[in-house]
Amino acid sequence: DRPRCHDIEGIALRRLADLYVKLNNPSEAASFFELNLARRDEQGLDGPETAEALQYLAEYLFSRGNEDERAEELCTRLLDYAGPQKDW
């Protein structure tokens, strides 16, 4: 259980995800990307930050051998975005 905060814009979630990527802790990074993606989905937000979260989570699941429905869902959503994420 993670403590609740009032990070409406998701700034802390994004920064924590980035921090854990830099610290080479992919499972913690994935958990914060997942939280931020859920928040963005709940608020109906799209954009590069959403695409980045989708890509990170898909890559994380594939790297763990979890090529399941969740990974497929993330990749399918990623196809809706233009840019380098789409080519992954």
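Predicted model: local features only at pLDDT ≥ 70, side-chain atom pairs only at ≥ 80, totals over all residues.
Reader: Start with H1. How far apart are its end C-alpha atoms?
Author: They are 17 Å apart. Helix H1 covers residues 11-22, and its 12 residues should span 16 Å at 1.5 Å a residue, so the two values agree. The expected span is 1.5 Å times one less than the number of residues. Helices here are DSSP runs (H or I, at least four residues; strands are E, at least two), numbered from the N terminus.

Reader: What follows H1?
Author: Asn24 does, with a positive phi near 60°. Leu23 sits in the loop between H1 and H2.

Reader: Is Leu23 buried or exposed?
Author: Leu23 counts as exposed, at 54% relative accessibility. Buried means under 20% relative accessible area, exposed over 50%, and partly exposed in between (1.4 Å probe, protein chains only).

Reader: Which residues form a nonpolar patch with Leu23?
Author: Leu16 and Leu19 do, and the three have about 250 Å² of accessible area together. Patch residues have over 30% relative accessible area and no salt bridge; like charges are joined within 9 Å, nonpolar side chains (Val, Leu, Ile, Met, Phe, Trp, Tyr) within 5 Å. The areas come from the Shrake-Rupley method with a 1.4 Å probe, and for residues only the protein chains shown count as cover.

Reader: New topic. How many salt bridges are there?
Author: Eight in the whole structure. A salt bridge is a side-chain nitrogen of Lys or Arg within 4 Å of a carboxyl oxygen of Asp or Glu.

Reader: Which residue pairs with Arg14 at 2.6 Å?
Author: Glu52 does, N to O. This pair links distant parts of the chain: Glu52 is in helix H3 (residues 48-63), Arg14 in helix H1, 38 residues apart. Glu52 is partly exposed at 25% relative accessible area, and Arg14 is partly exposed at 24%.

Reader: And what does Glu34 meet?
Author: Glu34 meets Arg70 in a salt bridge, 2.3 Å from N to O. Glu34 lies in helix H2 (residues 26-42) and Arg70 in helix H4 (residues 69-78), so the pair ties together parts 36 residues apart in sequence.

Reader: What about Asp41 and Arg77?
Author: They form a salt bridge too, with the closest N and O atoms 2.7 Å apart. Asp41 is in helix H2 and Arg77 in helix H4, so this pair ties together parts that are 36 residues apart in sequence.

Reader: Which residues are linked in a network of salt bridges?
Author: Arg14, Asp18, Arg39, Arg40, Glu49 and Glu52.

Reader: Is Arg40 buried or exposed?
Author: Arg40 is buried, at 8% relative accessible area. Arg40 is in helix H2. Not counting residues up to four places away in sequence, Arg40 touches Leu45, Asp46, Gly47, Glu49 and Thr50. Contact means heavy atoms within 4.5 Å.

Reader: Now the core. Which residues touch the most other members?
Author: Phe33, Leu37, Leu54, Tyr56, Leu57 and Leu74, out of 19 residues in the largest nonpolar core. H1, H2, H3 and H4 each give two or more residues to this core. The largest share, eight residues, comes from H3. A nonpolar core is a set of buried Ala, Val, Leu, Ile, Met, Phe, Trp, Tyr and Cys residues joined through side-chain atoms within 4.5 Å.

Definitions and conventions. Residues numbered from 1 in each chain as written. Heavy atoms only, no water.
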